[in-house]
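Please look over the chain displayed here before reading on. The report that follows describes its helices, their packing and a few residues in the loops.

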Amino acid sequence: MKIMLSQLLDDKGISQNQMAKDTGISVTTLRNLNHNKTTRISFDILEKICVYLDCGVEDILFVEK
């Protein structure tokens with residue numbers, strides 16, 4: 001599974017630091033997600049990301065075959 005957060009942030013012109021400040025998600029968590037260095041993501045974090053970026057889960061998570 002691949003996390004597409006970095007591309008979404010780039011497309012919307014939002015920095016990790018700005019998103020962290022606006023959502024309360026730690027910069028470390030966002031950095032790990034952006035670099036696919038995480039093995040799990042909590043539903044509350046996923047929901048905050050989706051609400052903040054006005055997107056669906058399918059826009060963030062991608063299943064590599």
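Where is the place of Asp54? Asp54 lies in the loop between α4 and α5, where helices (H or I, at least four residues) and strands (E, at least two) are DSSP runs, numbered from the N terminus. The model is a predicted one, in which local features need pLDDT of at least 70 and side-chain atom pairs count only at pLDDT 80 or more, while totals for chains, interfaces and linings use all residues. Residues are numbered from 1 along each chain as its sequence is written, and side-chain values use heavy atoms, with hydrogens and water left out.

**Helix α4 and its two sides**

Helix α4 spans residues 43-53, and within this helix Ile45, Leu46, Ile49, Cys50 and Leu53 are buried. Buried here means under 20% relative accessible area, exposed means over 50%, and partly exposed lies in between (1.4 Å probe, protein chains only). Seen down the axis of α4, the buried residues fall within an arc of 135°, so they line one face of the helix; the arc is that of the directions from the helix axis to the C-beta atoms. On the other side of α4, Phe43, Glu47 and Val51 are exposed, and for Val51 the relative accessible area is 62%. The C-alpha atom of Val51 is separated by 9.5 Å from that of Thr23, although the two residues are 28 residues apart along the chain. The cover over the buried residues of α4 includes α1 (5-12), α2 (16-23), α3 (27-34), α5 (57-60) and β2 (61-62).

In α2, Met19, Ala20 and Thr23 are buried. They cover an arc of only 100° around the axis, which puts them on the same side of α2, whereas Asn17 and Lys21 are exposed on the other side. The buried residues of α2 pack against α1, α3 and α4, contact meaning heavy atoms within 4.5 Å. Just after α2, Gly24 takes a positive phi of about 85°.

Two packed helices are described by the angle between their axes and the distance between the axes. Axes are lines fitted to C-alpha atoms, for helices over the stretch in contact, and angles run from 0 to 180 degrees between N-to-C directions. The table gives these values for two pairs of helices.

| Helix pair | Angle | Axis distance |
|---|---|---|
| α2 and α4 | about 105° | 11 Å |
| α1 and α3 | about 105° | 7 Å |

The angle of about 105° between α2 and α4 makes α2 roughly perpendicular to α4; angles under 35 degrees count as roughly parallel, over 145 as roughly antiparallel, 65 to 115 as roughly perpendicular and the rest as oblique. In this pair, Gln18, Met19, Asp22 and Thr23 of α2 meet Lys48, Ile49, Tyr52 and Leu53 of α4. By class, that contact of α2 with α4 has four nonpolar, two polar and two charged residues; Ala, Val, Leu, Ile, Met, Phe, Trp, Tyr, Cys and Pro count as nonpolar, Asp, Glu, Lys and Arg as charged, and the others, Gly among them, as polar.

For the other pair, Leu5, Ser6 and Leu9 in α1 meet Leu30, Leu33 and Asn34 in α3, and by class the contact of α1 with α3 has four nonpolar, two polar and no charged residues.

**The nonpolar core**

A nonpolar core is a set of buried Ala, Val, Leu, Ile, Met, Phe, Trp, Tyr and Cys residues joined through side-chain atoms within 4.5 Å. The largest such core has 16 residues, of which Leu5, Met19, Leu30, Leu33, Ile49, Leu53 and Ile60 touch the most other members. Helices α1, α2, α3 and α4 each supply at least two residues of this core, and α4 gives the most, with five residues. Leaving aside its neighbours within four places in sequence, Leu5 is in contact with Met19, Leu30, Leu33, Asn34, Ile49, Leu53 and Ile60.

**Residues in the loops**

Ile25, in the loop between α2 and α3, is buried, with a relative accessible area of 3%. Beyond its neighbours within four places in sequence, Ile25 is in contact with Ala20, Leu30, Ile45, Lys48 and Ile49.

Most residues other than glycine have a negative phi. Asn36, however, has a positive phi of about 50° although it is not a glycine; Asn36 is in the loop between α3 and α4 and is partly exposed, with a relative accessible area of 34%. Asp54 likewise has a positive phi of about 50° without being a glycine, and Asp54 is exposed, with a relative accessible area of 68%.
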